[in-house]
Amino acid sequence: MQPYIRPTYPFSALVGQPRLKQALVLNAVNPRIGGVLIRGEKGTAKSTAVRALAHLLPLITVVADCPYSCPPDQLDRMCSSCRSRLQAGEELPLAQRPTRLVELPVSASEDRLVGSLDLEHALVEGQRRFEPGLLAQVNRGLLYVDEVNLLDDHLVDILLDAAAMGINTVEREGISVSHPARFILVGTMNPEEGELRPQLLDRFGLVVEIGGLKNVRERVDVIQRRMEYDADPEQFVQRWSSNEHNLTEEIAAAKKLLPQVQISEQDMAAVAMLSLELGVDGHRADLAILETARTHAALEGRTTISLEDIRVAAQLALPHRMRRQPFAEVRLDEQQLSDVLNKAAQERQRGNEETAGHEELKKA
């Protein structure tokens, strides 16, 4: 007899926290954004939101007998075994399954995360035997790290490297194994329990700061919905199923449109201007803003980036990368952000007028 599994609380039933939901949906559409770190006090629905997001992700087609869930139609994203089989003319067995949510416990070892090599088997039999870890299991899925600030820094480094490169490489005693590891990375943390090192914080694409709801009506809605869910989870989930379906369709449509969204030189100039004016070091911020902005445009159903897309992206990708004094909290100056974007708009308009003038001269 199968044990009873309570349905997951619906994403669309979450009250408030618009920036949290926005950052999660953006990463669901485009994992190349680089993941999201959710910082907030206890009891602010961080874990609930992440687990709910997994149920919005679409079914995926995989090579049925592959431990890495390889896509059967994308040669460049396959493991070496699936690629060799396909190139040899073998018909790969296919299966459809939900996108996986894999949770990484704080106590996880490096071998549990990346996988392990059986060195004795390699020496005796002359064959490499690899035991896949969580990064193999989560390929094309969602990796959730609760209390990421309590995880060993070395493991956080490995996670962020894999998320950025899309590949996990395990090397032991001169033996090396690599496999695809493309996933949506979501970390949550309570700052009261300790901070992440700035070098690690910078490598999360987006960071969201959340707190308890301050509006009485919203807090009442939270209480009512939670009580209704606890009383009858199936009925509550059914009541929100239409909203969940619409959000799933919206994510799927944006994923399909995303490759068509173009980034112009004017968009790059606006982002570079933002980073310079706001005192942001390095170039990760520029890339994260552009990737987030094009994803936001896709969610809005557009193939060109607007300055509003850049504004939304900057609000999520800049604050944790701005220069700060020790122990000082850094907040994005919205007025300064608006001033820079207005300046960028003027530059864009001037550039468009010059281009139009050149075209008129050519016609003449």
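**Notebook: surface, largest pocket and selected residues**

I began with the surface: the protein chain exposes about 19700 Å², and carbon and sulfur atoms supply 50% of that area. The accessible areas come from the Shrake-Rupley method with a 1.4 Å probe, and for residues only the protein chains shown count as cover.

I noted that this is a predicted model, in which local features need pLDDT of at least 70, side-chain atom pairs count only at pLDDT 80 or more, and totals for chains, interfaces and linings use all residues. Residues are numbered from 1 along each chain as its sequence is written, and side-chain values use heavy atoms, with hydrogens and water left out.

**Entry 1: the chain**

I looked up the secondary structure and found 15 helices and 11 strands in the protein chain. Helices (H or I, at least four residues) and strands (E, at least two) are DSSP runs, numbered from the N terminus. Of the 364 residues in the protein chain, 46% are buried. Buried means under 20% relative accessible area, exposed over 50%, and partly exposed in between (1.4 Å probe, protein chains only). I then turned to contacts, meaning heavy atoms within 4.5 Å. Among contacts in the protein chain with a separation of 6 or more, 74% join residues 24 or more positions apart.

**Entry 2: the largest pocket**

I looked up the largest pocket, which holds about 1400 Å³ of space. A pocket is an open set of points on a 1 Å grid over the protein atoms alone, where a 1.4 Å probe fits, with protein on both sides within 12 Å along at least five of seven lines; lining residues have an atom within 4 Å of a point. Grid points are joined across faces, edges and corners, and the volume is the space filled by probe spheres set on the points.

The lining of the largest pocket has 44 residues, and Asn30, Pro31, Arg32, Arg77 and Arg182 lie nearest the centre. Elements giving two or more residues to this lining include helix H1 (18-29), helix H7 (153-165) and strand S10 (183-189). I recorded 22 nonpolar, nine polar and 13 charged residues in the lining. Here Ala, Val, Leu, Ile, Met, Phe, Trp, Tyr, Cys and Pro count as nonpolar, Asp, Glu, Lys and Arg as charged, and the others, Gly among them, as polar. Domain 1 (11-59 + 98-239) and domain 2 (261-362) each give at least three residues to the lining; the bounds come from an automatic or database domain assignment.

**Entry 3: three buried residues**

I found Gln17 in the segment before H1. Gln17 counts as buried because its relative accessible area is 14%. Its phi is positive, about 50°, although Gln17 is not a glycine. Beyond four places in sequence, Gln17 touches Thr44, Ile210, Gly211 and Leu213.

Leu151 lies in the loop between strand S7 (141-146) and H7, and is buried at 2%. Leu151 and Leu104 are 47 residues apart in sequence, with 9.5 Å between their C-alpha atoms. Contacts of Leu151 beyond four places include Leu104, Pro105 and Val106.

His179 lies in strand S9 (residues 175-180) and is buried at 2%. Its contacts beyond four places include Tyr68, Phe130 and Asn168.

**Entry 4: Arg140**

I found Arg140 in the loop between helix H6 (134-137) and S7. Arg140 is partly exposed, with a relative accessible area of 25%, and has a positive phi near 70°.
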